[in-house]
Amino acid sequence: MIRGLEIKKLKVIRDNRGFLMEILRSDEKIFRKFGQVYLTFCKYGVAKAWHYHRLQDDYFVCLEGKILVGLYDTRKSSKTYGKIARFILVAPEENGRHIVLKIPKGIVHGFTALTKKGAKILNIPTKVYNYKKPDEYRIAWNSDRIPFKWPRFVRIGG
């Protein structure tokens, strides 16, 4: 696994009214700092990739559908430099392992929806988005610099 990635297993508590899934608590070891919370939607066939941050960590959880998250360690000082990782995150109503994925600063990451209806991802970054000077550095979704293979159905990126 890439150095610095952390995973928290999520418990979905179901009853006849629906479900409850606690995502992140400030008293947990995985929690670092709160910056903001936002929701992003990814259409099927699209790779929202690649980018990384120098200042913030991201916490991803899938709220609807199923996503494939690709990660690449470009930190030259890291013991896992050049390593690839992939995780499938699923929404509470989908079958699978429900997790929060902590992506540390410096890890290049992107994702695609594995469900035809698309997927919704909640991100809880450790920093507030700076509109004047964003902490976001991009690489083309299909760049040869990233040795990650997207599923064949992915045709568009950005």
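Student: How many salt bridges does a search of the whole structure find?

Tutor: Side chains of opposite charge can pair when their charged atoms come close. A salt bridge here is a side-chain nitrogen of Lys or Arg within 4 Å of a carboxyl oxygen of Asp or Glu, and the search of the whole structure finds twelve. Bear in mind that this is a predicted model, in which local features need pLDDT of at least 70 and side-chain atom pairs count only at pLDDT 80 or more, whereas totals for chains, interfaces and linings use all residues. Residues are numbered from 1 along each chain as its sequence is written, and side-chain values use heavy atoms, with hydrogens and water left out.

Student: Which residues are linked in a network of salt bridges?

Tutor: The network links Glu6, Arg32, Asp57, Lys102 and Lys105. Within it, the side chains of Glu6 and Lys102 meet at 3.3 Å, N to O, and this pair links distant parts of the chain, with Glu6 in strand β1 (residues 6-9) and Lys102 in strand β9, 96 residues apart; strands are DSSP runs of E of at least two residues, and helices are runs of H or I of at least four, numbered from the N terminus. Asp57 also forms a salt bridge with Lys102, the closest N and O atoms being 3.8 Å apart, and Asp57 lies in the loop between β5 (46-52) and β6, 45 residues from Lys102.

Student: Is Lys102 buried or exposed?

Tutor: Buried means under 20% relative accessible area, exposed over 50%, and partly exposed in between, with a 1.4 Å probe and protein chains only. Lys102 has a relative accessible area of 5% and is therefore buried, and Asp57, at 7%, also counts as buried. In another salt bridge, Asp15 and Arg17 meet at 2.4 Å, N to O; Asp15 is partly exposed at 38%, while Arg17 is exposed at 74%.

Student: Which residues touch the most other members of the largest nonpolar core?

Tutor: A nonpolar core is a set of buried Ala, Val, Leu, Ile, Met, Phe, Trp, Tyr and Cys residues joined through side-chain atoms within 4.5 Å. The largest has 21 residues, of which Val69, Leu71 and Leu89 touch the most other members. The elements giving two or more residues to this core are β6 (58-64), β7, β8, β9 (99-103), β10 (107-113) and β11 (119-123). A second, separate core of 13 residues includes Tyr72, Ile139, Trp141 and Trp150.
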